Amino acid sequence: MAATKKISLSEEELVRRLKAQDTIAVQALYDMYSGALLGVISRIIPQTELAEDLLQETFIKIWNSANSYDSNKGRLFTWMMNIARNLSIDKVRSRDFRNSGKNQDIENNVDFIDSQKEITFNADLLGLKDMVTALKPEFNSVLNMVYFKGYTHVEAAEELNLPLGTVKTRIRMAIMELRKHFN
Amino acid sequence: MEEGKAYIESGILELYVLGQLTAQEQAEVEAMAVQYPEVKQEIDAIERAMEQYALAQAVHPAEGLDQKILARINSEKQSTAETFEVPASVPAKASDAIVVQLNRDDNYETKVRRLRIALAACVALLVVSAVALFSARTELDSAKDQIAELSLDKEKFTATVNYMKQTNAALQKIADMTADPNWKFVKLAGTPMDPKASMMVYWHTTGKHVMMDNRKMKLPATDKEHQYQLWALVNGKPVDLGVFDVNADSAQILVSMKDIAAAQTFAVTLEKRGGSPSPTMTQMIVAGNVSI
């Protein structure tokens, strides 16, 4: 692992090269974000093989629709993340996935994947787990449903039997806590 | 400034970053971000937090997946380049044209086949119709014949019935005559001119009717120039009662003649056709007196 040289580029450089269809951008994006993206995908689709197939599809789509990314509208990762999540949700809701019998209850995926993979946190991010667990669980669960499980905030409100306004507030509170932690 | 802050606190920016908004709502947030730098800043901060959150919970893919992805991207790049070249080459175009032509032929042939089948079906239908029409026509003809035959029969029956009715009426009348004393039965016997001749005349003394019985008329047939004439002798003077022919086949039994109020004798003479004003005495064939 230590022998592998990881490529890391500034966001501006990444975007420029990606739009220029330079494959070095793909390599850099992969080195920087494949883990984070697979983390998102895996929480929606826990089957490793399927999740990795979808990660491939995600990178192909990032490559093919690079020109539709507008840096004025948001960060590159947000855009990639939404591609990964939308592909995963489409897969989960597709007929062949539902017929495969592999459909574990989507709600259990986050806990399932966490226990299965024994996720290790980066050293400099240590304490996040404590922080996240320290966060009021009701705030955290709403954020995770929307961010990781593929729920829309409307579906989350219905699922938790909460008013839409409460769901919005809880998402905002959870993100505020995260910001406090990371900044 | 205040508006921007209120917008931030509404929580819509978090939903925007999480990809939860409709296209219209997204456009609205993007417009706000352009207008208010603090909105733009807030979005960026949220994005960074979510990015860190995702990175913190990364799941590392299997070794070599990046090479697979790069291989796919490179092969797609190549195939894209190839497809760009294809339209420029002339043979490809020519073969395209042929394909279209073939398709058209195919279409045409299917159409022709379909039309042939339709035509065959029409002919078959026509034949069946013609046969049906012919047989119907034949049946109709035979039915017509039968109807003609039946109506002829009916006419015959009607004629027979009429004949029988007439006969029956006449016979009834004759039967009634015997009960009525006013009817006189006058038997006319043959004269020396023809002793075998005879006939019967019925005369009603008060009603003045004179009738001859056709069944009991035994007179030689007349030729075209001559007719028989009936006379009544009233006090020695002959009175004309009309002319008649001998017609044994006639349905009529009773033949009415001119009325006469009184008569002692009835006689028949052979006269020229149409009758004579006075009888030719030498040609008297039958005569008979009224019995009292």
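A crossing of two helices is right-handed if the near helix is turned clockwise from the far one by less than a right angle. The model discussed here is predicted.

Q: What is the handedness of the crossing of α8(A) and α9(A)?
A: The crossing of α8(A) and α9(A) is right-handed.

Q: Which residues of α8(A) and α9(A) meet?
A: In α8(A) they are A:V142, A:M145 and A:V146. Their partners in α9(A) are A:H153, A:A156 and A:L160. By class, this contact has 5 nonpolar residues, 1 polar and no charged.

Q: Why is A:N161 called exposed?
A: A:N161 has 6 C-beta neighbours inside 10 Å. The cut-off for exposed is 12 or fewer, so A:N161 counts as exposed. A:N161 lies in the loop between α9 and α10 of chain A. Its phi is positive, about 55 degrees, although A:N161 is not a glycine.

Q: What makes B:N235 exposed?
A: B:N235 has 8 other C-beta atoms within 10 Å. Exposed needs 12 or fewer, so B:N235 is exposed. B:N235 lies in the loop between β4 (226–234) and β5 (237–244) of chain B. B:N235 is not a glycine, yet has a positive phi of about 50 degrees.

Definitions and conventions
Residues numbered from 1 in each chain as written. Chains lettered and ligands numbered in written order. Predicted model: local features only at pLDDT ≥ 70, side-chain atom pairs only at ≥ 80, totals over all residues. Helix = DSSP H or I, 4+ residues; strand = E, 2+ residues; numbered from the N terminus. Contact = placed C-beta atoms within 7 Å. Nonpolar A, V, L, I, M, F, W, Y, C, P; charged D, E, K, R; others polar. Buried ≥ 20, exposed ≤ 12 C-beta atoms within 10 Å, placed from the backbone.
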